[in-house]
Amino acid sequence: MTIGLFHYLALGAALFSIGVIGVVTRRNAIGVLIGVELILNAANVNLVGFSRYSGGLDAQVFVIFVIVLAAAEAAVALAIILQLFEKRSDIDVDRARGLRG
Amino acid sequence: MLLTLAIFLPFLGMILILRAKGDDEKARNLGLVFSIVTFVLCSIVAYKTYGLESGKYAAEIDVSWIELGDSFHVRYHIGVDGLSGMLIFLTGLLAICAALASWGIKKNVRGYWAMFLLLHTGVIGTFASLDTFLFYMFWELMLLPMYFLIGIWGGPRRIYAAIKFFLYTLWGSVFLLAGILVVYFALSADKLPDEITAKNPQALTFSAWRAANPDSLNGADANVFSIPQVTAYAKYMVGKGGILAAFGDLSLFGHHIAWWIFWGMFIAFAVKVPVFPFHTWLPDAHVEAPTPISVILAGILLKLGGYGMLRLNFPFFPQVFAEAAFCLGVLGVVSIVYGALVAMAQTDFKKMVAYSSVSHMGFCILGFASLTTEGINGAVVQLFNHGTISGLLFLVVGVLYDRAHHRDLNRFGGVMWKMPVYSTMATIAIFASIGLPGLSGFWGEFLAFVGSFSGHYHHAKIITVIATSGLVFTAAYYLRAIQRVYLGKVNPACEDFPEITKREKWSMLPLLVPTILFGVYPKPLFDMISTSLNTLVETVKQTGLAG
Amino acid sequence: MPDLAHSLPAYVPWIIFCPALAGVIQHFFGAKLPRKGDLVVIAGIGASLAMSIALMFQWAALPAGHYFVEAWEWFRLTPGADGIAFDMAIVVDGLTASLLCVVTLVATLVFVFSTGYMKGDPRYERFFFWLSFFAVAMLILTLADNLLMLFIGWELVGLCSYKLIGFWSEDLVNAEAAKKAFIVTRVGDVGMLLGMLVFYHYCGTLSMRGIFAGVAAGAVPATALTWAGIGLFFGAVGKSAQFPLQIWLPDAMAGPTPVSALIHAATMVAAGVYLAARMFPVFTPDALQYIAWTGGITAFLAALVAFTQTDIKKVLAYSTISQLGYMMLGVGVGAPWAGMFHLTTHAMFKACLFLGSGSVIHAMHHAQDLKDMGGLRKKMPVTFYTFVLSTLALAGIPFTSGFLSKDAILIEALGNGHIVLFSLGLFSAFLTAFYMARMVWLCFFGKPRNQEKFDHAHESPLSMTVPLIILAAFAVSFWFTLGAGPEDEFANQFYRTPAYAQEFPKTDAVAHAYWVDGKKPANWHASHGPRWFQIVAMVLGLIGLGVGIALFRSGRRNQNARILPAGVHELAAGKYYMDEMYLDAFVGAANKTADGCRWVDEKLVDGAVNLSGAVGLFIGDASGDADDLVVDGAVNLAADAAKGAGALVGTAQSGRVRNYLAMAIGVTAVSIIVLVFFVIG
Amino acid sequence: MLAETWIPDLSALFSHFMAESILVIAIPVIVVADLLGKPEGRDRRAHSVALVALVTAFLVALFQPTGAHLTALLRADGLAKIFRLLALGTGIVAAISALRSRDLPRAHTEFFVLLLGAVLGACLTAAANDLAMLYLSIETLSICGYLLAGFKKDEKGAEAAMKYVLFGAISSGLMLYGMSLLYGFAGTAVLTSATGPSIADAAMRAGGDPLFVVAVILVFAGLAYKVAAAPFQFWCPDVYEGSPTSVAAFLAVASKGAGFAATLRVIAAISGGGAASSETIQAFLLIAAVVTMTVGNVAALRQTNAKRLLAYSAIAHAGTLLLGVAVTSEAGVTAVIFYMVIYLFMTLGAFYIVSLVENETGRADIDSFEGLGFRAPMLALCMGVCLISLTGLPPTAGFLGKFFLFKEVFAYAGREGSSLFFWGGIIGLLNSVVALAYYTKFLRAMYLCDEDRKQGTFKFAGVDRSVVLALTIPILVLGILFQSLGLIASNLARGLF
């Protein structure tokens with residue numbers, strides 16, 4: 001059977017839900033980042049699907065921008081996590097509870 | 001021009017005092033000078049309201065302030081009629097007495113006098129404003145100085161009392177703001193819902209009504225916030241759906257929206273009056289405030305509640321007011337009896353006087369509830385007279401406090417033989433508060449009784465009979481106070497009390513004279529207020545529920 | 001209807017202004033004036049006396065039923081002729097003229113007496129100031145034409161009695177007595193106020209003319225009229241110390257004796273009877289019934305108590321309550337003229353008795369108890385003779401004014417068919433003679449019981465004895481007695497027709513009481529009545545005196561002797577335990593409810609409504625004294641809500657990022673589901 | 001078709017986006033300035049260039065023309081102009097505060113580069129009319145924000161940055177997914193356009209489709225994070241407390257402002273035309289607004305740290321602004337813009353004074369304010385004015401802002417007869433009473449403290465005094481002479497609907 005828009009959207013939705021669950025359950029900061037990447041890529045899949053079946057090429061351009069931004073975000077996030085590791089010698093998200101109340 | 005000067009002169013004084021580099025003495029004198037000048041201006045303004053026929057305002061200024069879009073015109077519209085003229089005169093009078101009584105304040109005197117004068121700007125502004133937005137603005141402006149005056153210069157629990165006062169009034173004024181906004185929207189509607197026009201064809205929207213009779217109210221153009229125009233419109237719309245006709249018969253939880261707005265605004269003013277359930281801030285504020293501030297608090301701030309009701313609440317919703325007469329009557333009588341009883345159980349002199357204020361203001365509510373000319377006139381005269389008498393009483397307590405540094409009734413005795421002049425003035429004040437004829441306290445209570453006995457709500461007679469019991473309780477707790485403090489053997493603690501000083505005497509005299517003068521000859525008071533109150537009575541009469 | 005009203009003679013307002021002026025001068029310059037200003041005050045009241053007498057003759061010259069009236073606008077609420085306005089008004093008719101003379105005469109004599117009695121008192125000038133203030137208030141009350149001015153005079157008189165009873169308030173007993181007097185009379189005033197409110201509600205005005213017109217036109221429904229009548233009378237009960245509000249008068253004796261004489265014998269207490277007589281046309285039959293019975297009961301009960309009193313002034317006080325009961329009885333049985341006539345005569349001889357007792361007390365250096373007296377007739381002859389004359393008048397012995405006025409009441413009671421009240425009155429008359437004889441004997445006859453005080457006793461100075469003599473003369477003055485003959489005696493023509501009563505048709509109860517256009521009403525009784533009654537009354541009086549003298553001649557019985565039957569004596573001595581009953585029934589209950597309200601206020605109302613919790617919370621951690629505040633503000637709904645929600649959000653802010661994310665995404669998911677259903681639904 | 005949407009004519013672009021261009025040029029200049037020249041002068045050169053750039057950009061932005069629809073991506077209308085000015089103003093104040101504050105280790109080039117980047121992102125967000133452009137500018141703003149938040153080299157700073165980054169990344173992920181779905185519906189990423197197809201037309205067509213509502217909610221999730229509205233407000237207090245005060249100020253005003261500009265555009269596009277789902281979206285916004293307000297106000301009651309308290313107050317004000325957004329009408333937008341401008345002055349003033357107190361006492365909690373009323377009367381007075389305005393009491397502009405916003409809410413309640421909005425308005429007003437309870441904490445500390453705290457002096461430089469005055473005087477002036485700002489706000493809003 002031929003691959004239609006529906007399949008793209010299904011893949012996107014799947015990726016999205018895995019990403020969200022990953023974000024909520026992982027205790028390791030980097031694990032959370034991976035979850036975030038998954039969500040972003042899910043959106044990309046959607047966009048590519050729509051651009052192929054119902055939209056113009058601007059979605060493709062949008063995807064490229066998203067990929068660039070995802071990279072930038074990952075770089076910055078890792079830098080911050082590194083700094084956290086340097087200060088607390090662990091990157092367990094739950095144990096970083098200095099600020100609360 | 002005079003009125004704007006009366007309002008903003010204290011503000012100018014505040015700035016001058018803050019900038020003045022001199023020592024405390026200089027700040028005090030400056031404060032006193034400004035208070036006296038304010039008093040002179042207030043009395044001139046009050047005098048100008050004589051001979052005003054109803055609906056007209058003296059010293060009126062109507063300048064545009066904020067113009068936004070088509071219907072949103074907020075105007076700096078101030079003016080004085082008999083009612084506000086009298087209360088502005090009272091403010092001026094108390095300003096002088098409180099200023100003279102403030103010589104005892106030693107802590108950062110400049111801050112005190114600055115806040116003192118700012119408070120007066122707020123109060124006189126509220127009395128003089130004829131624009132609901134401006135009224136609300138001055139209404140909230142005066143909260144801040146009062147918070148600092150109680151908070152910084154008060155007694156041991158001043159912080160608690162100050163914030164409690166602030167929160168209470170602000171909580172109340174939330175409903176006032178909601179009311180003003182809803183009224184603003186209802187009046188700027190361009191057409192009435194069909195169920196209203198079906199029922200009474202001659203119901204008009206505000207703009208249409210304004211176009212219909214442009215000449216009245218000295219031709220000012222349609223302004224949704226102007227109190228005189230809305231009052232006239234409300235009078236026209238009695239029986240035709242009231243001023244919130246634009247909402248049709250939108251009702252929440254079984255009551256029409258006008259009912260909600262009326263009671264919302266009533267709560268805002270009832271907190272100030274104070275009426276029974278909302279009075280608990282008064283004793284704390286009074287006990288903790290320094291003497292001159294509780295003179296102002298009792299003398300003027302309580303009157304703002306009553307004034308607000310007469311200026312905003314009742315004229316805007318005459319229909320709901322007439323229907324709510326019974327509840328008002330019950331609230332009034334509960335305040336009277338409850339206030340008197342709790343006062344009877346107090347040992348702190350100042351707290352007793354505070355609760356007696358709750359009881360005396362209950363007479364005003366009783367008078368309003370009666371919907372009769374005598375009742376409402378009596379209530380308003382009670383507002384003025386209670387101002388002078390309670391101001392005097394707090395000065396009396398202040399004098400004792402300056403000497404004994406405590407206010408416990410049981411630790412005094414025989415002050416009459418040590419300070420005869422002071423004690424005579426105190427006894428006159430107390431008998432005026434008991435409501436003895438020949439002194440000004442009598443007229444308010446008597447006319448409130450006369451009015452409320454022929455009140456237009458069911459059980460009016462029984463409610464009045466219960467209220468008369470208040471007279472006996474008031475006499476009981478005041479006479480017991482006289483007996484414990486002034487009569488009997490001289491308490492060793494009071495052995496060396498010096499007689500009243502010249503300054504203290506001069507701070508009491510401006511209040512003692514009107515107490516006696518208006519007791520013997522109350523005509524000037526009634527001439528001043530009766531014209532502006534009669535318009536309210538006629539409006540209420542139109543609703544058919546009042547005589 | 002001929003116009004009966006005449007314009008007021010110009011000098012009448014000055015009757016009030018003279019003592020008022022004297023009072024003002026006394027207040028400001030009293031201490032600095034020669035003799036501390038007592039002459040100024042006496043001059044003031046003297047002028048009023050002269051003008052009153054002139055006014056009486058000028059009124060008498062008017063044709064029967066006419067009166068002077070004048071009104072000035074006091075303040076106006078609504079403009080226009082028929083607008084609501086309250087005015088000051090003066091009316092002068094028979095009642096006013098007679099009471100004016102009585103008040104001013106007794107006042108003048110008491111003022112003169114006081115110069116002697118109060119000599120050497122540190123606050124001498126204050127005493128005279130309050131005396132003149134009292135005179136002004138009493139005159140306002142007397143001349144008032146509308147109930148408002150009458151009420152104002154009424155309360156001011158109450159104030160003066162408070163000030164004068166508590167004149168020596170260095171010791172708290174006097175202050176307590178003054179407070180009791182003021183509060184009990186104020187309870188009565190509340191009743192009167194309610195009566196006035198009923199009249200205002202139905203007749204639209206407080207002026208007597210308006211009220212009489214309203215009642216005549218039937219504007220006031222019958223029950224309301226009864227209640228109004230009883231309300232007004234309740235004011236009189238408070239002021240004239242009738243049952244049940246009579247507890248304050250005996251304690252009022254704590255005041256100086258001239259005060260007791262002036263206020264608590266002659267004038268203030270009589271104001272109640274004056275009010276009842278003036279407002280007589282509006283009383284309905286059952287209101288009159290209530291008045292009559294109150295009067296009768298008070299007369300009888302007070303007479304009994306008089307027997308058990310050892311203090312000379314207390315005996316006179318109870319005798320006054322009893323005589324006032326008589327006057328009320330007179331009004332109640334439908335003969336206001338008899339009541340007023342007795343008021344006039346009683347004022348004279350009771351004032352004389354009180355001043356006599358004052359002179360005795362003065363002589364005995366302020367000893368008031370009978371146990372120190374005895375045999376004073378030799379030491380104080382003038383006081384003794386005036387005292388005996390007045391006692392005879394009080395007992396109702398023929399050829400004294402008391403005989404005529406008391407019998408007039410009894411005759412009217414008999415004539416109008418009140419047999420029970422008549423017999424009660426007759427027995428009280430006997431008791432009056434009896435206890436007066438006891439007191440006179442114990443005080444002036446027999447052996448002196450306190451030798452040391454007896455030796456010091458001396459006759460009072462002239463300034464005290466002259467008023468006694470004048471008053472005693474009035475007690476037995478023949479021109480009263482001369483009236484025994486023809487109907488239109490000079491004495492009681494004053495009370496035939498109060499102002500306005502003439503102009504309006506009467507309710508039936510009133511019809512027989514008034515002369516209309518000079519014609520005598522149907523059952524008008526000559527003041528001396530049937531022959532047999534005169535003999536019975538005379539005999540009863542004499543028997544009373546005789547029994548009294550006989551019992552105490554032997555000297556075996558002293559003032560503590562128990563004359564009344566056993567049970568009755570304890571009851572009477574304890575004043576029927578009404579003081580204690582009032583104390584815990586009313587005063588106790590009021591204090592308990594007051595404390596209850598205070599608890600409610602501090603805990604419930606203050607707690608439930610205010611934000612003391614939230615306020616306390618954020619101050620609590622800053623300043624120590626607020627801690628008890630957080631505890632004391634325990635019951636606070638609004639505050640808990642704010643605090644609770646704050647705590648909830650606080651816990652949510654746990655610091656763990658994963659919690660944040662979980663909550664955020666969870667809420668978003670939930671809202672998506674809800675909205676989707678909402679949109680589909 | 002491609003050319004038209006993507007390659008605008010450059011000269012018009014420059015004339016309409018002059019301020020942004022200046023920023024774009026300034027960033028590399030700072031980097032170069034840092035490299036060349038003597039090392040010890042490095043920082044001074046960096047921040048002087050940054051300041052000059054910001055100030056010139058601000059001045060230029062004042063006179064930038066509006067109205068020309070240059071490209072589908074950017075819309076240089078009134079809304080963009082006011083929020084651009086807002087962002088630049090906040091940037092200037094943040095820069096000065098950073099220079100003055102001691103907690104930042106020698107604010108050197110990296111800080112200013114990031115600050116300029118963030119300001120640029122904020123300006124572009126306000127002007128973005130295309131989903132891609134919107135995402136791009138929001139991400140620039142956020143990423144610079146993440147790094148700025150972590151600038152304090154202590155454990156708290158690291159933790160704050162970490163929380164900010166994780167929260168930000170996830171919410172922008174959700175937003176992107178929502179945008180992709182929207183793109184699916186509309187077939188184009190342009191929000192509104194006079195000519196071609198746009199998301200506004202899609203909203204008209206497919207408003208009722210549940211998937212469309214899901215997409216809108218997801219996009220709203222991203223925006224709610226930016227604006228710190230419930231349920232995405234958890235990061236706000238922790239990040240504000242952890243980050244340097246000047247950055248906290250920037251986040252509280254500029255990034256929130258940009259967030260609101262974006263929300264206004266998106267909501268206007270979606271429910272502007274009275275689409276079927278606009279009813280439910282408005283109800284959702286109202287509920288979110290009321291929840292945010294109540295959460296912000298109530299939680300603030302318990303705070304003792306000044307920055308956390310101001311964070312919660314920022315959340316509360318976000319709720320109030322959201323209430324204005326929920327009233328999707330031109331008057332509503334006017335009220336939001338007006339309130340936003342006043343919010344800038346109030347919050348920046350408060351944050352700046354907190355940073356000054358932090359410099360002096362080293363701690364940022366309320367107790368360090370003890371006796372300030374007597375030690376530094378002028379500063380305390382300014383702080384008082386800011387607080388009174390934040391509560392919404394009359395003489396200040398805060399009251400007028402609150403009055404206008406609630407006027408619209410009640411007007412809408414009356415017009416639509418919806419009791420939901422009526423009670424929402426009442427709860428909103430009651431919140432200001434609760435607000436008073438915690439704002440007076442400062443007043444109590446400053447004025448009503450006991451005697452011994454009143455001694456001692458409080459030094460702060462002339463610059464600080466002038467900045468504080470520059471921020472507080474407008475509050476009073478606008479409170480009285482309200483007329484001018486009211487007019488500007490109303491004709492700016494006219495462009496949007």
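How much area do chain D and chain A bury between them, and what percentage of it lies on carbon and sulfur atoms? In this predicted model, the figure is about 3700 Å², with 77% on carbon and sulfur atoms. On the chain D side, the residues that lose the most area to chain A are D:Met162, D:Tyr177 and D:Tyr183. Together they account for 17% of what that side buries.

**Chain D with chain A**

Chain D brings 44 residues to the contact, and chain A brings 42 residues. One salt bridge crosses this interface. It joins the side chains of D:Glu155 and A:Arg88, at 2.8 Å from N to O. Four residue pairs are in polar contact across the interface of chain D and chain A, both partners at pLDDT 80 or more.

Which helices of chain D each supply at least two residues to the side that touches chain A? They are α7 (131-149), α8 (155-186), α11 (235-242) and α14 (306-326). The largest share comes from α8(D), with 22 residues. By class, this side of chain D holds 24 nonpolar, nine polar and 11 charged residues.

**Chain C with chain B**

Five pairs of chains are in contact, and chains B and C share the most contacts among them. Here 59 residues of chain C meet 65 residues of chain B. Chain C and chain B bury about 5300 Å² between them, 72% of it on carbon and sulfur atoms.

The rule finds one salt bridge across the interface of chain C and chain B. The partners are B:Lys523 and C:Glu73, whose closest N and O atoms are 3.4 Å apart. Polar contacts between chain C and chain B come to 13 residue pairs, both residues at pLDDT 80 or more.

On chain C, the elements that each supply at least two residues to the side touching chain B include one strand, β2 (67-76). Helices also contribute: α5 (147-165), α6 (172-203), α24 (578-609) and α25 (612-620). α6(C) gives the most, with 17 residues. The side of chain C that touches chain B divides into 37 nonpolar, seven polar and 15 charged residues.

**The two interfaces in brief**

| Interface | Buried area | Share on carbon and sulfur atoms |
|---|---|---|
| Chain D and chain A | about 3700 Å² | 77% |
| Chain C and chain B | about 5300 Å² | 72% |

Terms used: Residues are numbered from 1 along each chain as its sequence is written. Chains are lettered from A and ligands numbered from 1 in the order in which they are written. This is a predicted model: local features need pLDDT of at least 70, side-chain atom pairs count only at pLDDT 80 or more; totals for chains, interfaces and linings use all residues. Side-chain values use heavy atoms; hydrogens and water are left out. Contact means heavy atoms within 4.5 Å. Buried area is the accessible area (1.4 Å probe) that two parts lose on being put together, summed over both. A salt bridge is a side-chain nitrogen of Lys or Arg within 4 Å of a carboxyl oxygen of Asp or Glu. A polar contact is a pair of N or O atoms within 3.5 Å; within protein, one must be able to donate a hydrogen and the other to accept it, and residues adjacent in sequence count only if both atoms are side-chain atoms. Helices (H or I, at least four residues) and strands (E, at least two) are DSSP runs, numbered from the N terminus. Ala, Val, Leu, Ile, Met, Phe, Trp, Tyr, Cys and Pro count as nonpolar, Asp, Glu, Lys and Arg as charged, and the others, Gly among them, as polar.
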